[in-house]
Amino acid sequence: MRRWLAAVSITMVSVLGLAACGGDGGGQTAQTPAAEGGGKQQVEVFSWWTGPGEADGLQAMKKIFEEKNPNYTFFDAAVAGGSGDKAKALLQSKLQASTPPDTFQGHAGAELQGYIKAGNLEDLTPLYDELKLKDVFPEQLVEQISVDGKIYSVPVNIHRSNVLWFNPAVLKEAGVAGAPKTIEEFVAALEKVKAKGKIPLSIGSEWTVTHLLESVLLGTLGADAYNALFKPGADWNSPQVTTALQSFAKIMEYAGDPQDDWQPAAKQVADGEAAFNIMGDWAYGYFHNPPEGGLGKTSKTDFDWAPSPGTEGTYLWLSDSFTLPKGAKNREGATAWLKVAASKEGQDAFNPKKGSIPARKDADQSLYTDYLADALKDWSSNKLAGSIQHGVAVNQPWLAAINEAVGLFIGTKDVKALQQALADAATANAQ
Ligand code: GAL
């Protein structure tokens with residue numbers, strides 16, 4: 001796995017000329033965090049939250065961090081690119097060179113387990129004991145970030161992947177009565193929108209197509225059969241998976257021109273150019289936040305939401321968490337960051353802006369209104385399924401194989417080849 005990741009990181013880093021943002025996400029060239037003139041120590045926080053909507057949550061937590069820690073400054077080492085494809089490649093090369101950031105964002109679940117097993121992370125159990133964190137995070141979530149009873153990250157939120165965002169006016173104009181509840185209804189609605197000359201379904205860069213695929217798999221198979229796909233020996237060649245992939249291929253026929261990332265694709269819905277977009281609820285932050293960071297749109301008028309077709313009653317979840325890498329230059333500063341990320345105050349500042357609900361069970365519920373109130377309600381009552389694209393269900397090499405299969409499919413549209421490639425990816429990577 002390490003070898004594979006190293007190869008990817010070298011290619012990505014050299015081809016893309018990646019550089020950390022530095023400062024406030026202003027896209028400057030990377031600098032080495034060090035003590036500043038005033039004697040303040042920098043804390044290098046690595047994420048991929050640079051874009052509109054995403055950066056707002058991080059800024060809110062940064063503010064609290066700097067207020068509470070006058071001796072530290074926050075060094076924003078975020079690398080642009082939704083879902084962290086580019087950031088994770090650069091991170092891998094930093095880890096391999098033993099020059100880790102002071103703390104980095106990693107997804108709870110299989111992705112984090114990869115870092116733990118590679119020996120990249122410090123055990124945070126003492127911090128959990130000190131802050132009594134086991135009492136405030138859901139037990140199932142703590143399991144996803146633990147190995148052999150030791151806990152390795154601080155989850156800051158819960159995101160939902162299976163959200164269908166739609167433009168109510170575009171649906172009305174096309175004669176679509178409301179959010180489609182099944183895959184069949186979805187295809188019928190896409191057809192009606194197409195007939196009106198609008199973009200039926202907006203998509204972004206390649207990872208957003210894998211993101212769409214996970215919702216279609218869940219919507220076709222149901223939560224139990226979907227979750228079973230990630231167990232050793234799972235049958236990815238089953239007729240049910242074939243049906244799901246045929247639906248996926250059908251839905252993709254209605255996709256608009258691929259946009260650069262998830263934001264411009266989501267914007268097509270908010271602007272009334274497209275009817276639907278299936279994207280995680282970070283899109284809510286983007287739609288809803290005021291214009292400095294978001295689009296300042298009005299919910300239910302400019303955009304509306306529903307579980308993606310066929311997935312009502314299931315929360316296709318993921319969680320962003322922060323870590324303490326071994327060899328962090330500013331270990332104490334990183335721990336101070338983790339304390340803010342773990343705190344009720346930090347989570348309640350971050351999540352309403354990020355479009356996520358807090359990982360802590362004791363957050364101030366009154367802050368979570370509109371879409372986020374629905375999310376909180378569903379999180380407490382729905383079945384759970386783990387996201388593929390965002391690190392829960394599959395580890396990095398498995399995700400890379402899935403992304404490759406989906407990338408090829410976009411060109412060939414060959415469902416049989418896609419299914420075979422997905423089956424091969426599972427055989428090679430399921431543990
Ligand atoms: C996910 C991440 C979210 C959001 C999204 C789009 O992987 O967990 O917090 O940033 O990517 O970039």
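This is a predicted model: local features need pLDDT of at least 70, side-chain atom pairs count only at pLDDT 80 or more; totals for chains, interfaces and linings use all residues.
Residues are numbered from 1 along each chain as its sequence is written, and side-chain values use heavy atoms, without hydrogens and water. Local features need pLDDT of at least 70 and side-chain atom pairs count only at pLDDT 80 or more, while totals for chains, interfaces and linings use all residues.

Q: Why is A255 called partly exposed?
A: The relative accessibility of A255 is 22%, and because buried means under 20% and exposed over 50%, with partly exposed in between (1.4 Å probe, protein chains only), A255 counts as partly exposed.

Q: What makes α11 oblique to α18?
A: The two helices pack at an angle of about 125 degrees, with their axes 10 Å apart, where axes are lines fitted to C-alpha atoms, for helices over the stretch in contact, and angles run from 0 to 180 degrees between N-to-C directions. Angles under 35 degrees count as roughly parallel, over 145 as roughly antiparallel and 65 to 115 as roughly perpendicular, the rest being oblique, and therefore α11 is oblique to α18.

Q: Why is the pair of Y284 and W305 called edge-to-face?
A: Rings of Phe, Tyr and Trp (its six-membered ring) pair if their centres lie within 6.5 Å, and planes under 30 degrees apart count as stacked, over 60 as edge-to-face and the rest as tilted. The centres of the Y284 and W305 rings are 6.3 Å apart and their planes stand at 80 degrees, so the pair is edge-to-face. Both Y284 and W305 are buried.

How values were computed: Helices (H or I, at least four residues) and strands (E, at least two) are DSSP runs, numbered from the N terminus.
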